[in-house]
Amino acid sequence: MKLSSTVATAPNSGLYKYQYESHLQGPDVHTRLVTGEQIDIFASKLGEQWKVLAPHFEMKESDICAIESDSEDMKMRAKLLLVAWHDREGLQATVDNFLSALIDAGLNELAEILTNEADSIS
């Protein structure tokens with residue numbers, strides 16, 4: 001699901017504001033690839049919710065089990081998930097696609113926080 005279709009239903013949210021401003025200003029940080037710095041920040045914020053997000057990154061159960069066996073630390077598991085997604089998606093590993101996956105996973109508050117984080121490190 002595209003971010004624009006999601007935010008259209010929530011006109012008072014910051015995500016709607018982001019979509020509206022992006023439309024007016026053209027491409028911005030959200031259409032750029034997720035950086036290593038952003039992966040670190042996003043993983044820290046995602047923490048134990050990494051497993052909720054994993055299916056929305058189309059991770060197989062075997063991939064999830066491998067992440068769980070690689071580390072006991074929730075932030076490290078989140079980072080491993082994000083790195084695996086980033087590596088698999090290549091040029092499609094954008095901030096916008098990451099935020100869309102968060103929203104699809106029902107992690108709207110986290111998407112809002114990370115929208116602000118992404119803007120601040122652009």
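Residues are numbered from 1 along each chain as its sequence is written, and side-chain values use heavy atoms, with hydrogens and water left out. Since the model is predicted, local features need pLDDT of at least 70 and side-chain atom pairs count only at pLDDT 80 or more, while totals for chains, interfaces and linings use all residues.

Helices here are DSSP runs (H or I, at least four residues), numbered from the N terminus. Helix 6 covers residues 74-89, 16 residues in all, and reaches 22 Å from its first C-alpha to its last. That is close to the 22 Å expected at 1.5 Å a residue, where the expected span is 1.5 Å times one less than the number of residues.

Which residues of helix 6 are buried? They are R77, A78, L81, L82 and W85, with buried meaning under 20% relative accessible area, exposed over 50% and partly exposed in between (1.4 Å probe, protein chains only). Seen down the helix axis, these residues fall within an arc of 135 degrees, so they line one face of helix 6; the arc is that of the directions from the axis to the C-beta atoms. Their cover includes helix 3 (36-46), helix 4 (50-53), helix 5 (61-70) and helix 7 (95-104).

L81 and L82 turn up again in the largest nonpolar core, among the residues with the most contacts inside it, along with L46, L53, F57, F98 and L102. Helix 7 itself is mostly covered, with 8 of its 10 residues buried. As for L53, leaving aside neighbours within four places in sequence, its contacts (heavy atoms within 4.5 Å) include L46, L81, L82, F98 and L102.

The aromatic rings come next. F42, F57, W85 and F98 form one cluster. Rings of Phe, Tyr and Trp (its six-membered ring) pair if their centres lie within 6.5 Å; planes under 30 degrees apart count as stacked, over 60 as edge-to-face and the rest as tilted. The structure holds 4 such pairs. In one of them, the rings of F42 and F98 have centres 4.8 Å apart and planes at 0 degrees, so the pair is stacked. This pair links helix 3 to helix 7 across 56 residues, and both F42 and F98 are buried. The rings of W85 and F98 sit with centres 5.9 Å apart and planes at 50 degrees, so that pair is tilted. W85 is buried at 4% relative accessibility, and F98 at 1%.

Finally, L33 lies in the loop between helix 2 (14-25) and helix 3. L33 is partly exposed, with a relative accessible area of 37%. L33 and L91 are 58 residues apart in sequence, but 6.7 Å apart in space, C-alpha to C-alpha.

Methods: Helices (H or I, at least four residues) and strands (E, at least two) are DSSP runs, numbered from the N terminus. A nonpolar core is a set of buried Ala, Val, Leu, Ile, Met, Phe, Trp, Tyr and Cys residues joined through side-chain atoms within 4.5 Å.
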